[in-house]
Amino acid sequence: QVQLVESGGGLVQPGDSLRLSCAFSGGTFITYTMGWFRQAPGKEREFVASIKWSGSSTYYADSVKGRFTISRDNAKSTLNLQMNDLKAEDTAVYYCAADQYTGAIGPLSRAAARYDYWGQGTQVTVSS
């Protein structure tokens, strides 16, 4: 059974940076497209970014494009999210997710229903 464990969340000030990680176990990491989602209080879960199994292709929500970078280390079965220039509206619980799909990624990777496995989430709070 695939397990995903996020880490790296915390309380930061606007303009700060934070790096989230997600440890993958119980499966073959390279057979999964990986994604990050987030959910703010009172809001629906929303897509943040996704990355192809090879790491050669990425896709971002418009709200984070240019500030966030998704990456993966297939040798270590780890997914990362580098978040720069954080804003108050980035405050949310961040989840990593795994979709057992190795094709091209794009707008379809925004759909939470595509993902087979989810982590428990890590809280990111951006506040002055």
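**Aromatic pairs and strands**

Modeller: The structure holds 8 aromatic pairs; rings of Phe, Tyr and Trp (its six-membered ring) pair if their centres lie within 6.5 Å, and planes under 30 degrees apart count as stacked, over 60 as edge-to-face and the rest as tilted.
Modeller: Please note that this is a predicted model, in which local features need pLDDT of at least 70 and side-chain atom pairs count only at pLDDT 80 or more, while totals for chains, interfaces and linings use all residues. Residues are numbered from 1 along each chain as its sequence is written, and side-chain values use heavy atoms, with hydrogens and water left out.

Biologist: Why is the pair of phenylalanine 24 and phenylalanine 29 called tilted?
Modeller: The ring centres of phenylalanine 24 and phenylalanine 29 are 4.9 Å apart and the planes stand at 55 degrees, so this pair is tilted.

Biologist: Are phenylalanine 24 and phenylalanine 29 buried or exposed?
Modeller: Phenylalanine 24 and phenylalanine 29 are both buried. Buried means under 20% relative accessible area, exposed over 50%, and partly exposed in between, with a 1.4 Å probe and protein chains only.

Biologist: And how do the rings of phenylalanine 37 and phenylalanine 47 stand?
Modeller: Their centres are 5.6 Å apart and their planes at 80 degrees, so phenylalanine 37 and phenylalanine 47 form an edge-to-face pair. Phenylalanine 37 lies in strand 4 (residues 33–39) and phenylalanine 47 in strand 5 (residues 46–51), so the pair links distant parts of the chain, 10 residues apart. Both phenylalanine 37 and phenylalanine 47 are buried.

Biologist: Which residues do ring pairs link into a cluster?
Modeller: The cluster consists of Phe37, Phe47, Tyr59, Tyr115 and Trp118.

Biologist: Changing topic: how many helices and strands does the protein have?
Modeller: The protein has 0 helices and 11 strands. Helices (H or I, at least four residues) and strands (E, at least two) are DSSP runs, numbered from the N terminus.

Biologist: In what order do the 4 strands of the open sheet come?
Modeller: The order is 1-3-8-7, with antiparallel pairing. Strand 1 (3–7) and strand 7 (68–73) are at the edges with a single partner strand each, so one side of each has no neighbour in the sheet. Two strands pair if DSSP finds at least two bridges between them.

Biologist: How many bridges join strand 1 and strand 3?
Modeller: Strand 1 pairs with strand 3 (residues 18–25) over 5 bridges, in the antiparallel sense. Glutamate 6 stands opposite cysteine 22 in strand 3, and leucine 4 has phenylalanine 24 in strand 3 as its bridge partner.

Biologist: What about strand 3 and strand 8?
Modeller: Strand 3 and strand 8 (residues 78–83) are antiparallel and pair over 6 bridges. There, leucine 18 has methionine 83 in strand 8 as its bridge partner.

Biologist: Where is alanine 97 found?
Modeller: Alanine 97 is in strand 9 (residues 92–99). Its relative accessibility is 0%, so alanine 97 counts as buried.

Biologist: What is alanine 97 in contact with?
Modeller: Leaving aside neighbours within four places in sequence, alanine 97 is in contact with several residues, including Leu4, Met34, Phe37 and Trp118. Contact means heavy atoms within 4.5 Å. The C-alpha atoms of alanine 97 and methionine 34 are separated by 5.8 Å, although the two residues are 63 residues apart along the chain.

Biologist: Finally, how many of the 128 residues count as buried?
Modeller: Of the 128 residues of the protein, 42% count as buried.
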